[in-house]
Amino acid sequence: LWIVLGSLSCALFYPLAALPFFALNAFLVFYEVGKHGCVTCYYCKTCTIGMGKLPELFFTQKGTANVNKRALRLFPLIYLLLSVLPIGLIVISLLQAAAIPKVILLVGILFFSLVTGYARSETLFGRRKSF
């Protein structure tokens, strides 16, 4: 859903950019982080190709246990592509012409961005939580 929301924000600004944006993010999230990020692939009897690890990585604080270092290094780039770029494009689009669907899209992307940013602040910003 987060990739689709980001693609829609690209489509608001430049419609032809939505397909490469979707393809790049789907490749990075599902193939690089999902499939190649899983460190337990050789031990699983019923492999889900890392798809069970994605929600754990993106939305929980302890989601780095079964993810390799390469996937953790890609995570800030993926976060920027899924959060900062679409938010910037929506804000520019809102400044050009305000509309309710744009605001709804902005709220959706902000929701995913804030939840993931809070859960993964140590990975993204290099600092530990104090509580």
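**Close-up 1. Helices H1 and H2 cross in the predicted model.** Helix H1 covers residues 2-13, and helix H2 covers residues 18-35. Their axes come within 8 Å. The crossing angle is roughly 155°. Because angles over 145 degrees count as roughly antiparallel, H1 is roughly antiparallel to H2. The crossing of the two helices is right-handed.

**Close-up 2. Residues that join H1 to H2.** H1 contributes Ile3, Val4, Gly6, Ser7, Cys10 and Ala11. H2 meets them with Ala18, Phe21, Phe22, Asn25, Ala26, Val29 and Phe30. By class, the residues of this contact comprise 10 nonpolar, 3 polar and no charged.

**Close-up 3. Glycine 6 in helix H1.** Glycine 6 has a relative accessible area of 0%. Buried means under 20%, so this glycine is buried. Leaving out residues up to four places away in sequence, glycine 6 touches Phe21, Pro86 and Ile109. Phenylalanine 21 is one of the H2 residues in the contact with H1. Glycine 6 and phenylalanine 21 lie 15 residues apart along the chain. Their C-alpha atoms are separated by 7.9 Å.

**Close-up 4. Serine 9, also placed in helix H1.** The relative accessible area of serine 9 is 1%, and the residue is buried. With neighbours within four places in sequence set aside, serine 9 is in contact with Pro86, Leu89, Ile90, Leu105 and Ile109. Pro86 and Ile109 are also touched by glycine 6.

**Close-up 5. Contacts of isoleucine 90.** Isoleucine 90 touches Ser9, Lys102, Leu105, Leu106 and Ile109, again not counting residues up to four places away in sequence. Leu105 and Ile109 are contacts of serine 9 as well.

**Close-up 6. The largest nonpolar core.** This core holds 22 residues. Trp2, Val29, Phe58, Ile78, Leu82, Ile90 and Ile109 touch the most other members. Two or more residues come from each of H1, H2, helix H3 (53-59), helix H4 (69-96) and helix H5 (100-119). H4 gives the most, with 10 residues. Ile90 and Ile109, both among the core members named here, touch each other. In soluble globular proteins, nonpolar side chains tend to be buried together.

Technical notes:
Residues numbered from 1 in each chain as written. Predicted model: local features only at pLDDT ≥ 70, side-chain atom pairs only at ≥ 80, totals over all residues. Heavy atoms only, no water. Axes fitted to C-alpha atoms, helices over the stretch in contact; angles between N-to-C directions. Helix = DSSP H or I, 4+ residues; strand = E, 2+ residues; numbered from the N terminus. Parallel < 35°, antiparallel > 145°, perpendicular 65-115°, else oblique. Left-handed = near helix turned anticlockwise from the far one by under 90°. Contact = heavy atoms within 4.5 Å. Nonpolar A, V, L, I, M, F, W, Y, C, P; charged D, E, K, R; others polar. Core = buried A, V, L, I, M, F, W, Y, C linked by side-chain atoms within 4.5 Å. Buried < 20%, exposed > 50% of the residue type's maximum accessible area, 1.4 Å probe, protein only.
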